[in-house]
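Please walk me through this protein model, beginning with the fold as a whole and then turning to individual residues and their surroundings.

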Amino acid sequence: MFDTKIAIVVHEDLAVWQKLNVTAFLTSGVLGANESLLGEAYRDADGQTYSPLIIQPVIVLSTDGPGLTKIHNRALNRGARLSLYIEEMFATGHDAANRAAVRAVKTEDLKIVGLALREERKLVDKVTKGAKMHA
């Protein structure tokens with residue numbers, strides 16, 4: 001149904017709350033890069049309205065640190081647009097501090113704990129090769 005695929009890859013050794021936090025932030029990055037991914041509001045049978053959700057399925061994968069580095073490098077080499085979450089962002093409290101934390105680290109030194117991308121299906125499969133479905 002979709003020509004594109006959304007994948008979120010999280011570090012497998014994070015605490016559950018960290019995995020959920022990283023996934024939420026990375027999902028917002030994918031949506032922020034393409035607002036057309038936001039669907040229409042939901043309504044239940046009684047007419048109560050609920051906020052819209054993303055229109056496309058999201059696959060959540062996991063891997064270790066070296067796996068995240070490989071995925072990061074593959075994505076950058078192929079020109080994929082990424083959302084990024086690094087270890088230092090767990091110690092920040094707001095968006096400006098998150099951006100400052102990323103800006104302070106060279107690309108090769110990023111302690112990546114999560115990545116997300118939405119690209120053509122085959123590209124996402126190639127980039128995320130080696131990551132497994134999150135259990």
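Predicted model: local features only at pLDDT ≥ 70, side-chain atom pairs only at ≥ 80, totals over all residues.

Residues are numbered from 1 along each chain as its sequence is written, and side-chain values use heavy atoms, with hydrogens and water left out.

The protein contains four helices and seven strands, where helices (H or I, at least four residues) and strands (E, at least two) are DSSP runs numbered from the N terminus. Read from the N terminus, these elements follow the order β-α-β-β-β-α-β-α-β-α-β. The radius of gyration is 16 Å, close to the 14 Å that the globule rule gives for 135 residues, so the protein is as compact as a globular protein of that length; the radius is taken over C-alpha atoms, and the rule is 2.2 Å times the number of residues to the power 0.38. The C-alpha trace spans about 50 × 35 × 25 Å along its principal axes.

Of the 135 residues, 34% count as buried, a term that means under 20% relative accessible area, with exposed meaning over 50% and partly exposed lying in between (1.4 Å probe, protein chains only). Among contacts between residues at least 6 apart in sequence, 73% join residues at least 24 apart, contact being defined as heavy atoms within 4.5 Å. The protein exposes about 8,400 Å², of which carbon and sulfur atoms supply 52%; such areas come from the Shrake-Rupley method with a 1.4 Å probe, and for residues only the protein chains shown count as cover.

The structure holds three aromatic pairs, and Trp-17, Phe-25, Tyr-85 and Phe-90 form one aromatic cluster. Rings of Phe, Tyr and Trp (its six-membered ring) pair if their centres lie within 6.5 Å, and planes under 30 degrees apart count as stacked, over 60 as edge-to-face and the rest as tilted. The ring centres of Phe-25 and Tyr-85 lie 5.7 Å apart with the planes at 55°, so this pair is tilted. The pair links distant parts of the chain, since Phe-25 belongs to helix α1 (residues 16-33) and Tyr-85 to strand β5 (residues 82-86), 60 residues apart. Phe-25 counts as partly exposed because its relative accessibility is 41%, whereas Tyr-85, with a relative accessible area of 3%, is buried. Tyr-85 also pairs with Phe-90, the ring centres being 5.2 Å apart and the planes at 50°, so that pair is tilted. Phe-90 is partly exposed, at 23% relative accessibility.

Strand β5 also holds Ser-83, which is buried at a relative accessible area of 13%. Leaving aside neighbours within four places in sequence, Ser-83 is in contact with Leu-26, Gly-29, Val-30, Gly-114, Leu-115 and Ala-116. The C-alpha atoms of Ser-83 and Ala-135, 52 residues apart along the chain, are separated by 22 Å.

Ala-41 lies in the loop between α1 and β2 (42-43) and counts as partly exposed, at 36% relative accessibility. Not counting residues up to four places away in sequence, Ala-41 touches Thr-49, Tyr-50, Ser-51 and Pro-52. The C-alpha atoms of Ala-41 and Pro-52 are separated by 4.1 Å, although the two residues are 11 apart along the chain.
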